[in-house]
Structure formats: C-alpha cells, structure tokens
Amino acid sequence: MIQTIFRCFLLIFVSAISSTAFIVNLPAIASPATTATTATSTCSKSAVAFSRLVLAASTEETIDTTTTDSDKAASAGGGDESISGDRAATRNQENYEQMLQCTGATKAKFQGKSVLLTGASGGLGKELALQLAECGVSHLILSGRNANALELVAKECQERCQTSGTTATTTTTNTAVLSTHVIPCDLADPASVQRLGETALQVCGTAGIDILINNGGVSSRSAFVDTQLQVDARIMQINFLAGAALAKAVVPSMLANGGGSIIWISSVQGLIGIPGRTSYAASKFAVQGYCESLRAELASSGITVHVVSPGYI
C-alpha cells in the first residue's frame with residue numbers, strides 16, 4: 001500500500017514539475033536518450049508545444065520557455081517595476097510563439113530528410129507532422145487508420161510548408177519540395193504494419209527512411225483481474241511490437257546510409273507503473289527497455305535512438 005501511494009505521488013510530481021516544459025537528457029552510450037514530459041492540459045496548445053519539444057529534444061536543442069532575467073528580477077522586487085498581468089501574458093505568448101519556430105539544430109537535423117510518422121491523423125501526431133513540414137523535410141509519410149483524416153493533415157502540411165517558405169519556389173535556402181504520402185495502417189495487424197514498412201521504403205527509393213517516429217499507440221485502463229490476456233496482447237502489439245517491426249524494416253537502410261534516427265513516443269507510465277494500467281504500462285516499459293538496448297547496439301553506426309515520455313497531453 002505504501003509503495004502504491006508513493007508511486008502515485010511520484011507520478012503526480014513528475015506531471016506537475018513538467019508544466020515548465022523542461023527537457024531531460026538522460027545519459028546513454030554514445031548516443032542520447034531523451035525524455036520530455038508535459039503536464040495535463042485541456043488546451044490544444046499542449047499538443048502543439050509538445051510536438052516542438054519532441055523534435056528539439058532529439059537534437060538536444062534547448063528551448064527557453066521561461067521569462068527573461070529582467071522580468072524575474074522585477075517580479076521579485078529587484079527591479080524598478082513589477083510585471084503587470086498584461087505584460088506577463090504578452091511575454092508568455094511571445095515565448096510560446098518563439099518556441100514553436102523550427103530553427104537552429106532542429107531545422108538542420110530534419111531539413112531535406114525522409115520521415116515516417118505513425119499515428120499522424122490527429123493529436124500529437126498531427127502537430128508533429130505540421131512541425132516537420134515547417135522544418136523542411138523532403139518526404140513526409142503519414143500513417144494511421146483514418147485515410148480521410150490523413151489526407152487533411154497532408155494538405156495542412158503542404159500549406160504550412162508554403163507559409164514557412166520551405167518550398168523550392170519560395171526560398172533559396174532549401175531546394176527540397178515537400179512530398180507528402182498517405183499510407184493507412186492498422187498497427188494491431190502485423191500484416192498491415194509489414195506493408196507500411198515496405199511501401200514507405202518504396203516511396204523513398206534508394207535514399208530510404210532517415211527518421212522513424214513511432215507515435216501511434218492506444219491507451220488502456222482496467223483492473224488486472226478484469227483484463228483478459230487478449231487485451232494485453234493487443235496493447236503490446238499496437239504500442240510495442242508494431243514499432244519494433246517498423247524499426248526492423250527501416251534500420252537496414254539507415255545502416256547503409258551511415259545514419260538515421262528513431263524517435264519513439266512512450267509515456268511516463270513506461271517509467272512508473274500505477275494501478276489499473278498493467279497492460280499499458282507493460283507495453284511502454286517494453287518500449288523503454290527495447291530502445292535502451294537498441295541504442296547501445298547502434299551506438300557506433302550513426303543511428304540515434306530517442307524515447308519521449310510525456311505525461312497527459
């Protein structure tokens with residue numbers, strides 16, 4: 001009982017302190033593992049902001065979401081003026097808008113690259129797709145179960161690409177034109193996952209996939225005694241085995257090209273198990289362990305492996 005209470009408090013603590021959108025770079029062998037966390041929010045901005053943090057974290061770029069030193073001093077009484085509510089709101093909005101801009105190391109990493117993104121039809125996946133379009137990727141392969149929703153996301157990505165000035169006709173700094181591809185896939189079906197991997201590689205040709213983002217997944221909440229083994233197997237297939245299969249499909253081409261990245265969206269519950277989440281926690285713990293082993297194995301290959309562990313978005 002005491003251990004359960006401690007775990008629950010720890011989970012609440014992790015979610016609470018992550019409200020500042022900090023990024024923790026965990027130590028690893030040769031290549032970094034990155035865990036980013038975010039607090040619970042009903043605002044759609046949370047998915048937008050977190051998508052930017054995910055991409056930045058994979059490059060170890062630091063994003064400042066805090067107020068300036070002068071603002072901090074003023075609010076603490078160390079300056080000549082105090083920060084009004086309007087000024088604080090304006091500062092927060094400015095920081096938020098600046099944070100969302102794809103610049104620096106993040107843009108350098110993703111510009112001109114081929115990316116396979118699962119779970120792209122909505123939520124965090126959709127926002128990741130839009131961020132990738134703004135960062136100037138050349139091939140963006142969007143996957144999910146809802147083909148119509150994916151087509152709409154692909155259209156928004158093209159619009160975002162044009163707005164950000166990353167098409168060949170609107171900029172001289174990036175000659176790559178964004179090519180979006182929609183490949184529907186049911187992660188619960190191993191055959192469908194295999195077809196996704198094969199089709200994605202065909203789309204990109206000899207260049208292969210540069211970056212795999214395993215974002216697709218499903219949640220699960222139920223008491224252990226009420227959870228059938230079939231549910232455990234389904235959650236494991238969707239959240240873990242499907243991503244592992246896609247990694248096996250794309251890593252050979254990454255090795256041949258001398259580098260690449262795997263970014264896997266896990267969960268804080270892949271670090272801390274809580275009651276009523278046995279199936280879900282098991283799948284996310286599997287992701288954590290799998291990626292730690294894979295990272296060490298690929299350390300000298302130029303392929304980086306990143307795990308992102310958000311709270312509730």
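Predicted model: local features only at pLDDT ≥ 70, side-chain atom pairs only at ≥ 80, totals over all residues.
**Entry 1**

Residues are numbered from 1 along each chain as its sequence is written, and side-chain values use heavy atoms, with hydrogens and water left out.

**Entry 2: the chain as a whole**

I found ten helices and eight strands in the protein chain. Both are DSSP runs numbered from the N terminus: helices are H or I with at least four residues, and strands are E with at least two.

I then looked up burial: 48% of the 313 residues of the protein chain count as buried. Buried means under 20% relative accessible area, exposed means over 50%, and partly exposed is in between (1.4 Å probe, protein chains only).

For contacts, I noted that 74% of those in the protein chain with a separation of 6 or more are between residues 24 or more positions apart. A contact means heavy atoms within 4.5 Å.

**Entry 3: aromatic pairs**

How many aromatic pairs does the structure hold? I found three. Rings of Phe, Tyr and Trp (its six-membered ring) pair if their centres lie within 6.5 Å; planes under 30 degrees apart count as stacked, over 60 as edge-to-face and the rest as tilted.

One of the pairs is Phe240 with Trp264, which is stacked, at 6.3 Å centre to centre and 20 degrees between the planes. Phe240 is in helix H9 (residues 229-257) and Trp264 is in strand E7 (residues 260-265), so this pair ties together parts that are 24 residues apart in sequence.

I also looked up Trp264 with Tyr290. Their ring centres are 6.0 Å apart and their planes stand at 75 degrees, so this pair is edge-to-face. The pair links distant parts of the chain, since Trp264 is in strand E7 and Tyr290 is in helix H10 (residues 278-297), 26 residues apart.

Phe240, Trp264 and Tyr290 form one aromatic cluster. Are Phe240 and Trp264 buried or exposed? Both are buried, and I noted 2% relative accessibility for Trp264. Tyr290 is partly exposed, with a relative accessible area of 25%.

**Entry 4: helix packing**

Two packed helices are described by the angle between their axes and the distance between the axes. Axes are lines fitted to C-alpha atoms, for helices over the stretch in contact, and angles run from 0 to 180 degrees between N-to-C directions.

I began with H9 and H10, which pack at an angle of about 20 degrees with their axes 8 Å apart. H9 and H10 are therefore roughly parallel to each other (angles under 35 degrees count as roughly parallel, over 145 as roughly antiparallel, 65 to 115 as roughly perpendicular and the rest as oblique). Their crossing is right-handed. A crossing is right-handed if the near helix is turned clockwise from the far one by less than a right angle, and left-handed if anticlockwise. The residues in contact include Phe240 of H9 and Tyr290 of H10.

H8 passes H9 in a right-handed crossing. Among the residues that meet are Pro190, Val193 and Leu196 in H8 and Gln237, Ala242 and Ala245 in H9.

Last, I took helix H6 (residues 123-134) and helix H7 (residues 147-163), whose axes come within 8 Å and cross at roughly 30 degrees. H6 and H7 are therefore roughly parallel to each other, and H6 passes H7 in a right-handed crossing. Lys126, Ala129, Leu130, Ala133 and Glu134 in H6 meet Val153, Glu156, Cys157, Arg160 and Cys161 in H7.

**Entry 5: single residues**

Not counting residues up to four places away in sequence, Ser192 touches Cys185 and Asp186.

Ile265 is in strand E7 and is buried, with a relative accessible area of 6%. The C-alpha atoms of Ile265 and Gly125 are separated by 9.9 Å, and these residues are 140 residues apart along the chain.

Gly104 is in helix H5 (residues 104-110) and counts as exposed at 51% relative accessibility.
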